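The report below goes through strands, charged pairs and the nonpolar core in turn. Please keep the sequence and the 3D view at hand while reading.

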Amino acid sequence: RRRKQGVWWVYQIAQDKCTQCGLCSDWLACAAIYKKNGKIYINDALCDGCGVCATICPFDAIVKKVIR
């Protein structure tokens with residue numbers, strides 16, 4: 001619905017806050033979250049903006065990114 005309105009959001013990893021604890025990548029079954037070269041990333045094309053990852057991150061390292 002948000003995409004039809006022209007504004008939606010996805011989430012991204014704030015690398016300066018991320019401690020690579022693995023809670024989001026190892027315990028959350030999200031296809032958008034992946035590890036590469038020792039860092040964790042979120043694929044914008046696969047993220048549906050649900051926010052579960054941001055909720056479980058104890059370091060507030062997952063932030064909302066608005067797309068217009």
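A residue is called buried when its relative accessible area is under 20%, exposed when that area is over 50%, and partly exposed in between, using a 1.4 Å probe and protein chains only. By that scale lysine 65 is partly exposed, at 27% relative accessibility. The model is predicted, and therefore local features need pLDDT of at least 70 and side-chain atom pairs count only at pLDDT 80 or more, while totals for chains, interfaces and linings use all residues. Residues are numbered from 1 along each chain as its sequence is written, and side-chain values use heavy atoms, with hydrogens and water left out.

**Strands**

Helices (H or I, at least four residues) and strands (E, at least two) are DSSP runs numbered from the N terminus, and two strands pair if DSSP finds at least two bridges between them. Strand S2 (residues 33-36) runs antiparallel to S3 and is joined to it by four bridges, with lysine 35 standing opposite isoleucine 40 in S3. Two residues lie between the strands of this hairpin, in which asparagine 37 takes a positive phi near 55°.

**Charged pairs**

The whole structure holds two salt bridges, a salt bridge being a side-chain nitrogen of Lys or Arg within 4 Å of a carboxyl oxygen of Asp or Glu.

| Salt bridge | N to O distance |
|---|---|
| Lysine 35 and aspartate 26 | 3.5 Å |
| Aspartate 44 and lysine 65 | 2.6 Å |

Aspartate 44 lies in the loop between S3 and helix H2 (52-56) and lysine 65 in strand S4 (residues 62-67), so this pair ties together parts that are 21 residues apart in sequence. Aspartate 44 is partly exposed, with a relative accessible area of 31%, and lysine 35 is partly exposed as well, at 49%.

**Nonpolar core**

A nonpolar core is a set of buried Ala, Val, Leu, Ile, Met, Phe, Trp, Tyr and Cys residues joined through side-chain atoms within 4.5 Å. In the largest of these, which has 14 residues, Ile42 and Ile62 touch the most other members. Strands S1 (8-13) and S3 are the elements that give two or more residues to this core, and S1 provides the largest share, three residues. Apart from neighbours within four places in sequence, isoleucine 62 has contacts (heavy atoms within 4.5 Å) that include Tyr11, Ile13, Cys24, Ile42 and Cys53.
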